[in-house]
Amino acid sequence: MPSLITLADILAARDRIAPAAVRTPLVPLSRERLRAADFATLADTSPEIYLKDESAQPIKSFKLRGAYNKIAQLSPEELKRGVITYSSGNHAQGVAYSARALGAKAVIVMPFNSPQIKIDATRALGAEVVFVGPASSERKLKAEELAAAHGYTIIPPYDDPAIIAGQATCGLEILEQLPGVNLVLSPVSGGGLLSGTATTIKLASAAANSTPPLVFGCEPALSADAKQSFDTKTLVEWPAEKTTRTLCDGLRTQSLGQLNFEHILQFVDGIVTVTEEEIRTALKIILAVTDIVPEPSGAVTLAAALFRTREFPGIGPASKVAAIVSGGNLDPALRTELES
């Protein structure tokens, strides 16, 4: 069995990423503003919901945490040769930002159907972009090919202990910001954020001798490979033609990472899925009643908190729920459509 990260790894990552990543706010979802926006039923029946706004990071995504933690541990020789990764957008920006901050060249392999806003942002950070097809397996193979040819160090998007430890720092902040939290919800794609958050929540709670909150992953029903893997306790892979159906471009990974899966089996309490309609509704609600601008992948947690409450044991209107809004790189055209 692969070695799992420790609380010491997570605490070290928190110190390491401090020059780059910010401590993001935890924003209460106002029942009054929900009622004013004609969501009175949800205001009356939902638990206390707090949105962990990772769009407040410099790259508008939690991905900066893991990318910086990984690249900051490279040797001067590795930094000189440069780094490469494969990503649909947010991890690409995390690597590009971190590489620029630490003086390394960055090459990013992206699918041709990535949102233009994410392509432009990655290039603006000084990275070289290489395009491939929509399958996540294509991105990985191309990155491995270029790394072998040029000596680049691969910065995996999720299946790596340094990446997991970096993402785990988000969970530390939630525990500090919301004492008595009963449920923590994280989006899940490759599993970096969910595996890190759950590991932090459970290990830190144990160290404090306190009852840990539940930790659940959330994903689109159209891209539910993680739920199938968790429920069957067997790592499965979905074809790209299925996972690319969802609006959530950041959650189209075809399979959990192996190391992420091991952490998830150890520390996660469950995974729930939400529909595309529920995701769109959650997006509209965040735009209408908060100052957060979320991307679809970041809204799956609110969709679960509002529409899947019965799937979380013991969670009711009096419960405190922390829902991670993982990113804010929202396509302007989609925003216009949602707000119209």
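Welcome! Start by selecting residues 183–187 and 214–220: these are strand 7 and strand 8, which run parallel and are joined by five bridges. Keep in mind along the way that this is a predicted model.

Within this pair, highlight Val-184 and you will find Val-215 of strand 8 standing opposite.

Is it buried or exposed? Seven of its seven residues are buried.

Next, select residues 270–274, which are strand 9. Strand 9 runs parallel to strand 8, and five bridges join the two. Look for Glu-219 here, with Thr-273 of strand 9 opposite.

To find its centre, select Pro-157, Tyr-158, Ser-189, Gly-190 and Thr-253, the closest of the 39 lining residues. Helix 6 (90–102), helix 8 (136–150) and helix 10 each give two or more residues to this lining, and helix 8 gives the most, with five. Colour the lining by type and you get twelve nonpolar, 18 polar and nine charged residues.

Last stop: the second largest pocket, with a volume of about 150 Å³. Among the residues lining it are Asn-113, Asp-249, Arg-252, Glu-295 and Leu-334. Its lining divides into five nonpolar, two polar and four charged residues.

Terms used. Residues are numbered from 1 along each chain as its sequence is written. This is a predicted model: local features need pLDDT of at least 70, side-chain atom pairs count only at pLDDT 80 or more; totals for chains, interfaces and linings use all residues. Side-chain values use heavy atoms; hydrogens and water are left out. Buried means under 20% relative accessible area, exposed over 50%, partly exposed in between (1.4 Å probe, protein chains only). Helices (H or I, at least four residues) and strands (E, at least two) are DSSP runs, numbered from the N terminus. Two strands pair if DSSP finds at least two bridges between them. On a 1 Å grid over the protein atoms alone, a cavity is a set of points where a 1.4 Å probe fits but cannot get out, and a pocket is an open set with protein on both sides within 12 Å along at least five of seven lines; lining residues have an atom within 4 Å of a point. Ala, Val, Leu, Ile, Met, Phe, Trp, Tyr, Cys and Pro count as nonpolar, Asp, Glu, Lys and Arg as charged, and the others, Gly among them, as polar. Grid points are joined across faces, edges and corners, and a volume is the space filled by probe spheres set on the points.
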